[in-house]
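Have a look at the model first.

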There are 2 protein chains.
Amino acid sequence: MNCTKFITGGITCPKGFEAAGVSCGMKSQGKDLMLITAQKPCAVAAVYTKNAVKGAPLTVTAQNILHGRAQAVVCNSGIANCCVEGGVAAAKKICSLTAKALHIPPEDVIVASTGEMGVPLPMDRVEAGIGEAAGACSREGGHDAALAILTDDPTPKELAVEFLVGDVPCYIGGVAKGSGLLRPNMATMLCFLTSDVNIHPELLDRALKEAVEKSFHCMALGGIPSPNDMVTILSSGMAGNGKITDLGDGYQAFCQALSALCLELAKWMAKDSRPGGRLLTCQVHAARTETDALLAAKAVTSCSRVVEALSKGIPCWTDIVCAIGGSGANVDGGAMDVSLSSPASEETVHLCSGCTSLFFDVQKAHDLLKESEIILSVDCNDGFFDAVSYGCLDPVPEL
Amino acid sequence: MNCTKFITGGITCPKGFEAAGVSCGMKSQGKDLMLITAQKPCAVAAVYTKNAVKGAPLTVTAQNILHGRAQAVVCNSGIANCCVEGGVAAAKKICSLTAKALHIPPEDVIVASTGEMGVPLPMDRVEAGIGEAAGACSREGGHDAALAILTDDPTPKELAVEFLVGDVPCYIGGVAKGSGLLRPNMATMLCFLTSDVNIHPELLDRALKEAVEKSFHCMALGGIPSPNDMVTILSSGMAGNGKITDLGDGYQAFCQALSALCLELAKWMAKDSRPGGRLLTCQVHAARTETDALLAAKAVTSCSRVVEALSKGIPCWTDIVCAIGGSGANVDGGAMDVSLSSPASEETVHLCSGCTSLFFDVQKAHDLLKESEIILSVDCNDGFFDAVSYGCLDPVPEL
């Protein structure tokens with residue numbers, strides 16, 4: 001039974017959380033410092049960038065949450081505090097300033113940054129921002145928080161889900177920022193999640209890793225992971241459910257809700273990586289291994305040549321099979337079938353069979369490629385493993 | 001002793017070869033069919049694309065040269081004969097038409113194609129072209145051949161080297177075409193080499209693989225290998241040297257000459273991948289393994305964000321270390337030093353140390369980035385392995 005229900009709201013939906021977003025002059029305009037506070041210490045889990053270069057905030061956060069507890073998240077936008085002398089000291093200072101303002105221990109603070117690399121943080125502005133944010137935190141502050149972590153995303157991204165553990169309603173909220181318009185390569189991906197579910201920290205960690213694997217790690221937009229990428233979750237335990245301590249129904253319900261929320265945020269982030277962007281989904285079927293399937297799917301959505309052609313309405317199946325063939329995925333280079341569809345249409349256009357052209361209706365393909373969501377389906381005819389990847393097309397060109 | 005001497009000319013420099021390039025209407029304009037003929041059957045070796053999707057000509061060529069001999073190379077541009085019904089039959093037909101015109105066995109013909117995928121070859125035009133080219137072959141035809149394999153390369157690329165085996169002068173000539181302007185992803189890379197050296201076919205094969213590994217396989221321009229990529233060498237043995245049958249001095253002299261020729265052609269190809277392009281070389285030092293060094297070097301020259309910034313004169317070292325950190329190379333993300341230089345200048349600008357900003361002379365860096373050849377040097381401070389990768393910058397922007 002699917003009990004996950006999407007609801008309006010974000011990180012302050014779950015019981016026990018407040019948030020704020022303020023402006024302290026690190027970006028040329030707009031809010032640039034976010035604070036999330038919890039009424040009491042929370043169970044915590046985090047997933048960090050796969051880049052070998054890691055921003056100073058990640059080092060400090062990873063150290064802080066070793067003791068399995070956190071009560072606040074502070075994040076600035078505008079300056080990344082990465083590849084800079086004294087970065088770790090600055091990140092620690094942010095934690096101690098936040099801790100002081102909130103009367104909690106500094107090691108209970110999660111710190112994150114996004115923005116320009118190689119330049120130092122203006123600590124006086126950060127200090128003023130933290131003070132202001134600590135005074136402004138409220139249940140209504142989730143949207144300001146969503147605004148404060150943006151760099152050049154077209155829209156703030158926040159969402160929440162409701163689910164049942166036994167008959168107790170529980171909530172997860174999330175706020176995210178994604179890749180940046182014309183320079184998606186190293187735009188930081190951040191997502192901060194909150195929940196009121198009562199769960200053992202090890203299970204919280206396990207559920208987060210699983211959810212990230214099937215959502216944020218399936219975005220492939222042609223770039224590389226930023227040194228500051230981070231996903232965290234705080235769980236207050238205030239929902240009143242019997243504590244989840246095993247992999248039974250309660251854990252499954254939580255996992256399902258968390259995965260659904262992360263997937264929606266990841267798809268939103270992918271779509272939002274270009275102004276007016278349209279979600280491109282590549283489903284790969286029947287590959288030899290899961291790794292091959294994922295390599296193949298990601299090769300398609302991250303191929304600039306494929307994205308460029310599809311955006312213009314060109315059903316470029318030769319580019320698609322070549323992108324997969326050149327991805328390093330172990331596939332049969334003469335066996336792939338490619339088809340095109342959209343959730344908004346009942347049509348499916350089969351473009352090629354066994355990597356050889358089919359006589360398809362070019363106008364139908366062209367029409368499908370004008371939809372706001374596009375699905376490419378690739379059958380490798382080569383095994384039993386499937387995978388999916390999310391990318392972004394440009395708006396339909398005006399003629 | 002380095003005896004390799006670059007000389008003007010190309011595939012008809014070595015004794016025993018003639019060539020022609022003709023127009024048979026597969027491209028909208030210009031020559032589009034190349035023929036290389038040898039006076040007698042030659043030793044042959046080939047290296048093919050790493051793409052799992054392989055053009056029909058590669059399948060037929062690989063089959064043909066199994067018996068270790070070839071006497072002609074035929075290549076058309078405009079249509080790739082790839083991902084198309086009946087592609088293998090068409091490639092075989094080209095071999096038999098060429099064989100008939102030259103009075104040689106069809107399995108002594110190497111066939112290649114480059115151009116649009118997924119569309120059938122117009123066999124009547126190809127047939128007419130082969131007839132015309134067979135009649136036009138001459139020692140002076142090398143340049144026409146170089147023109148006939150181009151798709152959208154800015155310049156035809158041909159070059160030759162002279163070297164000594166004992167005291168006998170021997171020659172290798174080469175003709176190449178590379179990646180295409182604004183769509184480098186799947187532009188075919190072709191290189192046809194000829195030599196008059198007398199060498200055992202197994203050593204010819206070994207020398208070619210070695211030369212390709214250190215030249216064409218070090219180009220990284222952000223794309224993926226095309227399904228039709230191919231490098232071949234024919235060796236007529238007519239130079240009169242004592243046959244090379246072991247790894248002694250004669251083999252070393254040949255290897256050195258072949259590697260030097262392939263490297264020059266690869267660098268030319270990289271530079272020529274954008275109109276007015278400038279060669280970008282990334283040297284990676286002190287990585288943990290050779291694979292890590294090569295992954296790191298290729299990540300830099302193939303990163304569109306890095307190329308875009310350097311082209312504009314921005315010494316984007318944070319992007320460089322992040323591109324390496326996100327490449328999958330096993331590097332210490334806090335240990336890299338990056339510096340900038342040019343063969344045209346005595347200046348070296350050290351941009352960062354241990355992934356942390358240095359106070360460098362921005363104007364000097366900016367001036368270096370205006371040179372026609374740029375070298376990025378990355379020290380991983382992490383091991384004993386080096387690698388190099390070649391890419392391309394845009395022309396210096398006019399202000």
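This is a predicted model: local features need pLDDT of at least 70, side-chain atom pairs count only at pLDDT 80 or more; totals for chains, interfaces and linings use all residues.

Residues are numbered from 1 along each chain as its sequence is written, chains are lettered from A and ligands numbered from 1 in the order in which they are written, and side-chain values use heavy atoms, with hydrogens and water left out.

**Inside chain A**

Chain A splits into domain 1 (5-271) and domain 2 (278-393), with bounds from an automatic or database domain assignment. Their centres, taken over C-alpha atoms, sit 33 Å apart. Domain 1 of chain A puts 11 residues into the contact and domain 2 of chain A puts in 12, where contact means heavy atoms within 4.5 Å.

There is one salt bridge between the two domains (a side-chain nitrogen of Lys or Arg within 4 Å of a carboxyl oxygen of Asp or Glu). The side chains of A:Lys214 and A:Glu290 meet in a salt bridge at 3.5 Å, N to O. On the domain 1 side, the touching residues are six nonpolar, two polar and three charged; here Ala, Val, Leu, Ile, Met, Phe, Trp, Tyr, Cys and Pro count as nonpolar, Asp, Glu, Lys and Arg as charged, and the others, Gly among them, as polar.

**Both interfaces in numbers**

Buried area is the accessible area (1.4 Å probe) that two parts lose on being put together, summed over both.

| Interface | Buried area | Share on carbon and sulfur |
|---|---|---|
| Domain 1 and domain 2 of chain A | about 960 Å² | 63% |
| Chain B and chain A | about 2700 Å² | 61% |

**Between the chains**

Here 34 residues of chain B contact 34 residues of chain A. How many salt bridges does the rule find across the interface of chain B and chain A? It finds zero. Helix H9 (317-325) of chain B is among the elements that each supply at least two residues to the chain B side, and H9(B) gives the largest share, seven residues. Helices (H or I, at least four residues) and strands (E, at least two) are DSSP runs, numbered from the N terminus.

**A sheet in chain B**

Six strands of chain B form an open sheet with mixed pairing, in the order S13-S12-S11-S14-S10-S15. Strands pair if DSSP finds at least two bridges between them. Strands S13 (356-357) and S15 (385-393) are the edges, each pairing on one side only. S10(B) and S15(B) run antiparallel, joined by eight bridges, and B:Val284 has B:Ala387 as its bridge partner in S15(B).
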